[in-house]
Amino acid sequence: MTLETLIGDVADVLKEDPAEFDLDDNLVDFGLDSIRLMVLIQRWNDRGVDIKFAELAERPEISHWWRIIADRLA
């Protein structure tokens, strides 16, 4: 998994162009809700990234999410 994969997944779930996102945007402003977040978590869990809802819901920003995921992949 890469940062580009993360952005692509987020864009897919939110039906947005990946270029629309700044890494520090609050994804709630783009329509992120708990169901869409669960879809993302399931995708990433399926790819072997052990991540929990509360970790991502706390700060719905790509930059925050990538720090968590990158640590798990290291």
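Let's start with Trp65, which is buried, with a relative accessible area of 0%. Keep in mind that this is a predicted model. Trp65 has a partner: its ring and that of Trp44 have their centres 5.9 Å apart. Their planes stand at 70 degrees, and since planes over 60 degrees apart count as edge-to-face, that is what this pair is called. Trp44 is buried too, again with a relative accessible area of 0%.

The structure holds two aromatic pairs. In the other one, the rings of Phe21 and Phe30 have their centres 4.8 Å apart, and their planes make an angle of 55 degrees, so this pair is tilted. Is Phe21 buried or exposed? Phe21 is buried, at 11% relative accessible area. Phe30, at 21%, counts as partly exposed, because buried means under 20%.

Now have a look at helix H1, which covers residues 3-14. From its first C-alpha to its last, H1 reaches 16 Å, close to the 16 Å expected for its 12 residues at 1.5 Å a residue. Several of its residues are buried, among them Leu6, Ile7, Val10 and Leu14. Asp9 is also on the list of buried residues in H1.

Definitions and conventions. Residues numbered from 1 in each chain as written. Predicted model: local features only at pLDDT ≥ 70, side-chain atom pairs only at ≥ 80, totals over all residues. Heavy atoms only, no water. Helix = DSSP H or I, 4+ residues; strand = E, 2+ residues; numbered from the N terminus. Expected span 1.5 Å × (residues − 1). Buried < 20%, exposed > 50% of the residue type's maximum accessible area, 1.4 Å probe, protein only. Phe/Tyr/Trp six-rings, centres within 6.5 Å; stacked < 30°, edge-to-face > 60°.
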